[in-house]
Every structure is written in C-alpha cells, then in structure tokens.
Amino acid sequence: MTATQPRPTSNAIEAPDDDPAHPPRGDGNPFPGSDKRMWTDHFSSALSAASGLPRDITDFLAPYVTRPKRFLVRRDKEWVLAPGVFGITETGERTLNVEMHGFAGNSGEFNERINSFYAAPFKPRRDNDTQPVRPSLVTGSTSSGKLAPYITTARAVSHDELNAVLGTMSVALEIINGDRTYNLAEDMEVHGQQQPTTHVVLKRRIREPDGDGGSRIRELVDLTAVQGANRTMARLNLFGLTPKDIVFGVRPRTVMNVKTANELPTTDTRRWVPVFADLLAEAYDDPEHPGHELACRARAIATVKVRIIIGPSRPDALSDFASSVFDANRIDHRRPPLEYRVVDRSSADFRALLRDLKQHRLLDEATRAWLAGEALDPQASASESIIDARDRRDRALLAAVFPPDEERRRRVRVVLGEPARSQTGSKHVNARARMYSAAATDGYATLWNPRVMDGVFSARTIKDRETYSKLAPWSEVRAAAEAGDFSMLDDFIQTRGIHWLVDAGLIEADRGSLGAQTATDNTNTDESPQRLERRTIANLRAAMAHKQQAAFGLLLELAHATEHRTDPRRVDDDGTPQNDTKATKLWLQNAFPKKSGGRGGNNHENDLPPDTPPTPPTPDPHAVRLIAQSAFQNAVMADMINVVQTVFTAGVHLLDASEAAGVLPLSTGTEEVVESIEKALIAIGEDIETLTSQVSKLKYGKAKRADFEQSASELYAEEVAE
C-alpha cells in the first residue's frame with residue numbers, strides 16, 4: 001500500500017459514496033491508513049483560517065487527523081471546519097475535537113505532577129547536580145508578529161539539554177504512574193482509551209550541530225499534553241514509539257521491523273505519519289508482516305479522540321496563553337485521581353494561588369513566573385548575593401500565603417477552599433506553610449518534604465490575620481546580630497533558617513514514627529554509635545534560642561557554604577567555624593541539645609551532674625508468652641488464610657484467561673508445571689496435618705520444639721533452590 005492509498009476505519013463515519021479516498025470495506029481492520037494529501041491540505045487551510053494558527057503549524061498537525069473530509073463543509077466555494085468540531089474545556093479554552101491516529105500527540109514535560117523533578121532556572125547547583133531545567137514558554141505569533149494560539153520556547157534549546165528534559169519526563173511519569181493499581185499500557189491494549197486527551201501546539205526550537213562544526217536551529221511542531229500525559233505516553237509505547245522519537249525523529253519502517261537500508265529519522269509529520277499509518281494497516285492484515293504483533297497490540301487505540309486547544313478563554317487573554325493553557329492540568333493535579341507527593345501537591349496549590357492573584361491583577365506575570373519557579377528573578381541585581389536574592393524570594397513567598405491585605409487574604413481562602421476565618425485552625429495553617437516550603441525548595445539545592453514546616457506557625461495565624469510581609473531581610477538580621485542584638489534571630493530561624501538547616505542536611509522533615517535513629521559520626525570517639533533523638537522544630541528553635549551566639553555563627557557558616565559551594569563546618573559556642581570539620585545531624589544534636597520546657601529555655605539539665613541510667617527490669621516471661629501466642633494465632637488465622645485466598649483468586653484468573661484464549665489452563669509446559677505445583681501442595685498439605693495435630697498438644701503441654709523446627713514446605717523450598 002502506498003501513501004496515497006488510504007484505508008477506512010471500521011468505526012468512522014462513512015464517507016460519501018463518490019469519495020474515492022474511502023472505498024467501503026468490511027474487513028474489520030481498525031487502522032485507517034493515510035489520507036489523500038488533498039483532504040489533509042484542505043483541513044490544514046480550514047484550521048488555520050478558523051483558529052489563527054500559522055499555516056506552517058497546521059500543515060504539521062493535519063496529517064494526524066484521520067479521514068479529514070468528514071470534519072469539513074463547503075461554504076462559498078471554500079472548505080471550512082464543520083461547526084461540530086469545536087468545543088470548550090472546563091477552564092473555558094476553545095478546542096478542536098477530532099479523531100486522530102492513535103500515535104498522535106506527545107506527553108510533554110510541562111505537567112503539574114512532575115514539576116518537582118525539574119530544577120528552577122535560578123536553583124543553586126552542587127557539583128553532582130544534573131537536574132534539568134525546563135525551557136521557558138511564551139505565546140506564539142504569526143510571521144507578521146500577531147499573537148497566535150500556540151506556545152513556543154522563549155529561546156532555542158540545545159538538543160542535549162532537551163534530551164535530558166525529555167528523559168527526566170519519561171522517568172518521572174513512569175514513577176508517578178506506579179501509583180496506579182494496574183498497568184496503564186496493558187489496560188489500553190485491552191480496553192482502548194476511554195477519555196480523550198487534551199493537547200496544545202508547542203513549536204519547539206532546537207539548536208543542534210549542523211555537521212560542519214557549527215550549529216543550526218531546527219523547528220518542529222509537537223502536540224504536548226495538557227491533560228492525559230500518562231495516557232499519551234502509554235499510547236506511544238503500544239505503537240513502539242517514545243516521546244523522544246517524536247522530537248528527535250521517527251523511523252517508521254524501522255519501528256515496524258521492515259528491513260530498509262539507512263532509513264533516516266524525520267520529525268516532519270507530512271513524511272512519517274502517512275508511511276507509518278499505511279504500514280500499520282498492512283501489518284494488521286498480514287500475519288507474516290514483521291510488524292503484525294505491534295499492530296495487534298495497538299488495535300484498540302488505532303484511532304483516538306483528541307482535543308487540541310486552539311484559543312484562550314477570552315479573546316483578550318491571548319498574551320497569557322502560554323501560562324493559562326495549563327490551568328486545566330493544574331486543577332486536575334490539585335485534586336488528583338492518584339496520590340502523589342506532598343511537595344508536588346503543595347506546589348500545585350501554591351502555583352494555583354499565583355495564577356489566581358495574576359488573574360485578579362494582584363500580581364504581574366514576571367513576578368508570578370519567578371515565584372512559581374518558572375523564570376528568572378525580574379529584579380535580579382549583579383550586586384546582590386545569592387543568599388540575599390534567595391532570602392528576598394523566600395519573604396515574597398511567605399507574604400503570598402500569609403498576605404497583609406484583606407483582598408489577597410480573600411483570594412487565598414477562595415483558592416484553597418478554606419472555611420470562614422473564625423473556623424480555621426492548625427490544619428489550614430499547616431497547609432499554607434507547606435505551600436510556602438514547597439515553593440521555597442526551588443531556590444535551594446535540596447528538595448525536601450514541606451511537612452518540615454508543620455506546627456511552626458501558630459494555629460491562630462489565619463484567624464488572627466497574622467502576616468509575614470514585613471520580615472527583616474537576612475542582611476538586617478546579620479547586621480543586628482553582629483552588633484550583639486539577637487532580637488530578630490528567632491523569627492529568622494522560624495521563617496527561613498529551618499530551610500537553611502534542611503538544605504544543609506542537618507535536619508530532616510517527617511521522619512515518620514521511627515523515633516530515634518542510629519547515626520554515626522566520623523569524629524565520635526565513643527565506640528557505641530549515638531542515636532539521633534526525635535525532636536520537633538519548636539524544640540530545636542528553643543535549643544538555638546538558648547545558645548544564640550552559636551546559632552548565629554551556624555547561620556553565617558551555612559550562608560558561607562552556600563556562597564562558596566562547600567560543606568558547612570561546625571561552630572563552637574562562640575559561633576566560630578572549626579576548620580577541618582563538617583557539620584552533621586549528630587553534631588547539631590550535641591551542639592544544641594534537646595530542651596524541655598518549651599521555647600523559654602528554662603531547663604537546666606545541662607548544669608546537673610552526670611546521671612546514672614537505671615537498670616532495665618528482666619522481661620516478664622508471662623508477657624513474652626502472651627506475645628508469642630498472639631503471633632502464632634495471627635500467623636494461622638491471618639497470614640495463612642490470606643495466602644490461601646490469594647491462591648484461589650489466582651486460580652479464578654487463570655480459568656478466565658484460559659477460557660478467553662481458548663486453551664487449557666495449564667497448556668504450556670504442562671508436565672513440569674503440574675509436577676511442581678503438586679509437589680508444593682503435597683508439602684503444604686503435610687504441614688497442615690502436622691499443625692492440626694500439634695494444636696491439641698500445645699493446649700495440653702505435650703508439643704515438642706522439634707515438631708516445629710523444620711517443615712515439609714521448607715524442605716521443598718530447599719530442594720527447588722538446589
């Protein structure tokens with residue numbers, strides 16, 4: 001089949017009888033093949049006229065559309081898009097709703113849920129830090145400079161840089177997709193795609209070597225996902241493609257295992273899409289075709305319904321299109337169908353707040369993008385240190401979540417869905433604190449759990465309209481402390497110093513319920529390892545308030561380490577750094593020992609003579625026996641029952657799958673498989689008989705230890721292992 005001999009899809013709307021491009025067929029082949037170039041060109045022209053997208057973009061988009069003639073109507077001797085192809089998203093954007101080849105679209109790196117896998121453009125780097133930065137986006141324009149409804153990169157991106165960005169995207173989506181209780185690609189292979197994915201046109205500009213020692217700028221049109229990134233990647237996977245293939249070039253014949261000499265990759269959809277579409281149709285019909293298995297795997301998604309955003313919610317909002325087009329994705333992942341990390345959820349809430357403030361003209365776009373970690377500091381100054389610039393951003397973040405004026409307070413409550421101010425408490429304060437902490441990570445080398453800020457702010461913070469918009473900058477705190485005034489030090493530790501300690505690896509957020517943790521220290525002279533004590537942030541603040549000079553010296557050392565990209569040193573009680581040392585969690589625990597009695601630091605435990613720990617009592621044998629009895633009971637009544645239920649459930653699945661495949665349940669390698677299963681069940685049966693007989697012996701004290709030291713199941717397992 002050639003690229004000009006298309007095949008119809010069995011579930012498509014019938015083309016007119018006089019349409020030679022779609023002769024009627026009844027073979028059940030789900031792959032439509034390529035379409036006549038004439039209809040693809042008519043569709044491209046009509047889409048450009050209806051949307052304002054440049055023709056060079058619609059020419060790359062149109063080949064994905066299957067049987068484009070059905071989406072066109074004749075009007076005044078011109079082909080135009082039929083009214084039924086337009087729609088509106090949940091956030092008001094105008095969409096094109098059509099059926100496309102199942103391999104259309106790309107996952108895209110601009111997904112709310114994987115935001116934390118990328119670095120902000122201003123993030124300080126450590127020597128081994130390779131976390132990529134996503135390119136900044138702007139609204140596209142026509143050749144005449146008029147804004148158009150597509151997005152593009154603000155600068156050309158090197159092909160190596162983009163390769164790292166797309167590689168991180170694929171890994172990140174695989175990680176978060178693990179939260180599902182099923183394999184998405186396998187599910188789509190059986191059930192197809194149930195919900196349409198939503199995409200926006202992304203015009204990528206890639207700087208790559210030209211082969212002569214120089215470089216060139218290559219442009220390509222990518223349909224990046226706004227909603228359905230995981231589904232899009234699963235679809236590509238079923239077609240033997242990856243997101244990188246779409247960007248760096250597809251070899252359609254190679255993908256379909258068709259032998260060809262030196263097939264070159266191409267990103268031009270006008271070239272590879274028709275070839276790939278025809279190969280899929282041919283392969284599905286021919287069991288001997290080298291691509292037949294691939295075509296069969298992808299048959300349930302041979303064609304899919306796709307939504308492409310082709311206009312903003314308001315005609316006057318086109319200038320903000322590059323940011324607003326992802327609002328639907330932000331909404332989805334603030335209330336996600338799948339669980340995901342606290343840092344990602346809190347970040348999503350914070351960026352939603354920034355978008356709302358901008359929409360209500362309480363924030364300009366440059367500041368929004370900076371606070372969201374998407375763009376550089378609009379007020380950056382060469383004379384400002386890294387620490388001072390980061391501190392300025394941290395204070396702006398905190399002022400956004402605990403704002404100073406009533407209008408901004410109301411916007412925060414609306415975005416977060418908080419109750420009336422009088423009904424707020426620690427839950428709502430902690431949620432805002434996590435938003436601040438999650439956003440702050442963009443300015444540091446470390447990504448931490450924002451739960452580190454839980455309980456740091458008073459439960460009445462929202463209720464009492466407290467704000468942190470007037471916090472003294474680090475430069476003022478430092479100057480005052482150097483003059484002997486530590487009055488601002490605790491506020492600094494509370495609002496920013498905690499993050500400094502986390503970034504340096506001196507404290508951890510949310511250690512769970514493990515309690516004390518064993519820690520070793522290279523300079524610890526005690527032969528037995530010390531243990532890290534579980535302590536709250538409030539307790540650490542109290543300990544640092546008790547030794548203010550040392551606390552200030554530590555903060556100075558952390559600032560110095562950040563500026564010079566070195567490990568922070570330990571400081572003595574006077575705050576003087578100790579050369580050839582390294583600050584650690586264990587050192588921090590000993591330098592600022594745990595305090596009792598709260599923030600005031602009134603505990604004089606350190607002034608008392610050494611205490612002799614009491615000798616622990618001998619364990620009560622009766623209590624030990626009760627615990628052992630409970631463990632035996634649970635092993636029989638819970639663990640064994642669960643295992644048996646699992647085996648029976650597996651048997652049901654085996655019968656169902658065998659019936660669907662039309663084969664016997666144990667038809668593959670039957671003799672060896674059946675023998676292994678029977679041996680295992682015989683061993684288990686012997687153990688069940690033994691246990692049953694031992695119950696009465698246990699009751700009357702006649703059971704012997706030797707009866708439980710080895711089981712038939714254990715012997716079988718050893719036999720299999722050998």
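A salt bridge here is a side-chain nitrogen of Lys or Arg within 4 Å of a carboxyl oxygen of Asp or Glu. Asp 268 counts as buried, at 12% relative accessibility, whereas Arg 271 is exposed at 58%. Those words have cut-offs: buried is under 20% relative accessible area, exposed is over 50%, and partly exposed is in between (1.4 Å probe, protein chains only).

Before going on, keep in mind that this is a predicted model, where local features need pLDDT of at least 70 and side-chain atom pairs count only at pLDDT 80 or more, while totals for chains, interfaces and linings use all residues. Residues are numbered from 1 along each chain as its sequence is written, and side-chain values use heavy atoms, with hydrogens and water left out.

Now step back to the whole chain. Its secondary structure comes to 24 helices and 14 strands; these are DSSP runs numbered from the N terminus, with helices (H or I) of at least four residues and strands (E) of at least two. Of the 722 residues in the chain, 47% are buried. What share of contacts between residues at least 6 apart in sequence join residues at least 24 apart? The share is 68%, with a contact meaning heavy atoms within 4.5 Å. The chain exposes about 37,200 Å², and carbon and sulfur atoms supply 51% of that; such areas come from the Shrake-Rupley method with a 1.4 Å probe, and for residues only the protein chains shown count as cover.

Back to the charges. Side chains of opposite charge can pair when their charged atoms come close. The chain has 37 salt bridges by the rule above. One of them joins Lys 358 and Asp 320, with the closest N and O atoms 3.3 Å apart. Lys 358 sits in helix H12 (residues 342-359) and Asp 320 in the loop between strand E10 (303-311) and helix H10 (321-324), so this pair ties together parts that are 38 residues apart in sequence. Both ends are buried: Lys 358 has a relative accessible area of 18%, and Asp 320 has 13%. Another salt bridge links Arg 460 to Asp 464, with the closest N and O atoms 3.0 Å apart. Here Arg 460 is partly exposed at 43%, and Asp 464 is partly exposed at 37%. Shared partners also join salt bridges into one network of Asp 320, Arg 355, Lys 358, Glu 365, Arg 368 and Glu 374.

Next, the inside. In soluble globular proteins, nonpolar side chains tend to be buried together. A nonpolar core is a set of buried Ala, Val, Leu, Ile, Met, Phe, Trp, Tyr and Cys residues joined through side-chain atoms within 4.5 Å. The largest one has 65 residues, and Phe 350, Phe 457, Trp 500, Ile 507, Leu 554 and Phe 592 touch the most other members. Not counting residues up to four places away in sequence, Phe 592 touches several residues, including Met 544, Leu 554 and Trp 587. A second, separate core of 57 residues includes Phe 239, Leu 241, Leu 280 and Ile 308.

Leaving aside neighbours within four places in sequence, Gly 497 is in contact with Phe 492 and Leu 555.

Out on the surface, Leu 654, Leu 666, Val 673, Ile 677, Leu 681, Ile 684 and Ile 688 form a nonpolar patch with about 530 Å² of accessible area together. Patches are made of residues with over 30% relative accessible area and no salt bridge, joining like charges within 9 Å and nonpolar side chains (Val, Leu, Ile, Met, Phe, Trp, Tyr) within 5 Å. Helix H23 (residues 670-700) gives the largest share of the patch, five residues.

Finally, some backbone angles. Most residues other than glycine have a negative phi. Arg 361 has a positive phi, near 60 degrees, and lies in the loop between H12 and helix H13 (365-371), where Arg 361 is exposed at 79%. Asp 580 likewise has a positive phi near 60 degrees; this residue is in the loop between strand E14 (577-578) and helix H21 (585-591) and is exposed at 84%.
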